[in-house]
Amino acid sequence: MIITRASQYRHRVGCFLLLAATGLACGSSGTGGMAGTGGGSGSAGTSGSAGTSGAAGSVGSTGSAGTSGAAGTSATAGTGGSVGGNTGAAGSGNAGSAGSAGSTGGAGTTGGRGGAVGAGGRGGAAGTGGATGSGGQSGASGGRGGATGAGGAAGAAVPSAGCSANGSPASGRFTIDVSGTAREYIIKLPAGYDPRHPYRLIFAFHGASYDAASVAAGGPPSPPGTGGPYYAIEAQAGGSAIFVAPQALSGGWSDTNGRDVAYVNAMLTRFKAELCIDQSRVFATGFSMGAIMTITVGCAEADQFRAIAPMSGSLRGTCGGTMPLAYWGSHGDNDPTIPIAMGRTVRDTFRMRNHCTTTTVAGTPAGCVDYQGCDAGYPVGWCEFADDMHRPPPYAGEAIWKFLSQF
């Protein structure tokens, strides 16, 4: 099927359609420490507290005897790892043998005597639990972690079923049936595609006056000298992503009766079955009406997409759902087709969804900012650029890839 460039007439129709469309385990429990033998006459004290931070020094072999006895009733673990007592347990007997703290392990709620192997950490994104934190002998619970707190799993790829498929996928133009309607798309596999390697998947939606072929070829609407296939993102990806340019029906990305979201879901189902993709790294971008479609799938399909990057877009009605979604957006400051205020509304919708504050720090390139306080893993970036035309920013490919490739 040959798809021709938009004529001026098609441009006017596209703009009319566009305007119409805009109205993240705990480690195993640490074992309690072996108790040191108590002093002959020391009675339990009432207020001894466990150390509050850092690793404890080993206790002296004859811990100082005294009348204040073992640790008191209110010892609590410091957040940076519970301590097995920094001067040894009271009484004339020997104190516990090691009592060094884990990085985040919690002591027993009634105070511990110093554990031999105790708690590790709860496990952060990449942290490891401490090896020897103390557990309370008589507390309600011992140290929380194990030797190697959980961590770092969030960045692992989630291979699709297609990574085990035996087909021979290829780049090109294809059709797919969506509830009886034939829909088209263009797909570009990386050179040297490895059917066992999970790739990022990036959808790039065209604007109302353009088509899938223009996105795949890298022509307008990008400013002269700044374009390239798939909004100049393909060149930045360096063979690490599969790109798809979906084709709208004659009515544009109107999503009438949910037809376009259904189309995206049909493509996702096919690609997961036939291609080796990383299901945790599916992205969408687009310009103008293609940005509106990008925002639409972001609102409706946040469980399917890791991040979206619309350029000069607006909301189509309301944005349902509450799941966070990493967001990058751009808009010309004097856009005559979709006013920048509409783009800012989209930005704020995702800023609030991701629980970001209104505080920003300067980003790159100039004119871009990064919002602060967002949910971990769900940043929001925003770029405004000086332009009185309706088109992508001149740095689209570089900026969008920088944002998407962090995931």
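**View A. D260, V261 and V264 of helix α4 meet M293, T296 and V297 of helix α5.** A meeting of this kind is a contact, that is, heavy atoms within 4.5 Å. Residues are numbered from 1 along each chain as its sequence is written, and side-chain values use heavy atoms, with hydrogens and water left out. Helix α4 covers residues 259–274 and helix α5 covers residues 289–300; helices (H or I, at least four residues) and strands (E, at least two) are DSSP runs, numbered from the N terminus. The axes of α4 and α5 come within 10 Å and cross at roughly 75 degrees. The two helices are therefore roughly perpendicular, a term for angles of 65 to 115 degrees. These axes are lines fitted to C-alpha atoms over the stretch in contact, and angles run from 0 to 180 degrees between N-to-C directions. By class, this contact has 4 nonpolar, 1 polar and 1 charged residues. Here Ala, Val, Leu, Ile, Met, Phe, Trp, Tyr, Cys and Pro are nonpolar, Asp, Glu, Lys and Arg are charged, and the others, Gly among them, are polar.

**View B. M293 lies in helix α5.** M293 counts as buried because its relative accessibility is 0%; buried means under 20% relative accessible area (1.4 Å probe, protein chains only). Apart from its neighbours within four places in sequence, M293 is in contact with F205, W253, D260, V261 and V264. Of these partners, D260, V261 and V264 belong to α4. M293 and P310 are 17 residues apart along the chain, and their C-alpha atoms are separated by 8.7 Å.

**View C. V244 is a residue of strand β4, which covers residues 241–246.** With a relative accessible area of 0%, V244 is buried. V244 and L189 are 55 residues apart in sequence, yet 8.9 Å apart in space, C-alpha to C-alpha.

**View D. The loop between α2 (212–217) and α3 holds P221, and Y230 and A232 are also found there.** The peptide bond that joins P220 and P221 is cis, with omega about 20 degrees. Y230 has a positive phi of about 55 degrees, although Y230 is not a glycine. A232, likewise not a glycine, has a positive phi of about 65 degrees. Most residues other than glycine have a negative phi, and most peptide bonds are trans. Y230 counts as buried at 2% relative accessibility, and A232 is buried with a relative accessible area of 15%.

**View E. P365 lies in the loop between β8 (360–362) and β9 (368–371).** A cis peptide bond joins T364 and P365. The omega angle of this bond is about -5 degrees.

**View F. H331 is part of strand β7, residues 326–332.** H331 counts as buried, since its relative accessibility is 0%. Its contacts, leaving aside neighbours within four places in sequence, are S312, G313, I338, P339, I340, G343, W382, C383, E384 and F385.

**View G. Helix α7, residues 396–404, is largely enclosed by the rest of the structure, because 7 of its 9 residues are buried.** The buried residues of α7 are A396, G397, A399, I400, W401, F403 and L404. They pack against β3 (199–205), α3 (233–237), β5 (277–287), β6 (307–311), β7 and β10 (380–385).

**View H. The whole protein has 7 helices and 10 strands.** Of its 407 residues, 47% count as buried. The protein exposes about 17900 Å², of which carbon and sulfur atoms supply 54%; such areas come from the Shrake-Rupley method with a 1.4 Å probe, and for residues only the protein chains shown count as cover. The mean pLDDT is 74, and 62% of the residues reach 70 or more. Over residues 1–154 the pLDDT is below 50, and this stretch has 297 contacts in the model beyond near neighbours in sequence. Where pLDDT is low, the predicted coordinates should not be read in detail.

Key: Predicted model: local features only at pLDDT ≥ 70, side-chain atom pairs only at ≥ 80, totals over all residues. Buried < 20%, exposed > 50% of the residue type's maximum accessible area, 1.4 Å probe, protein only. Parallel < 35°, antiparallel > 145°, perpendicular 65-115°, else oblique. pLDDT = per-residue confidence, 0-100.
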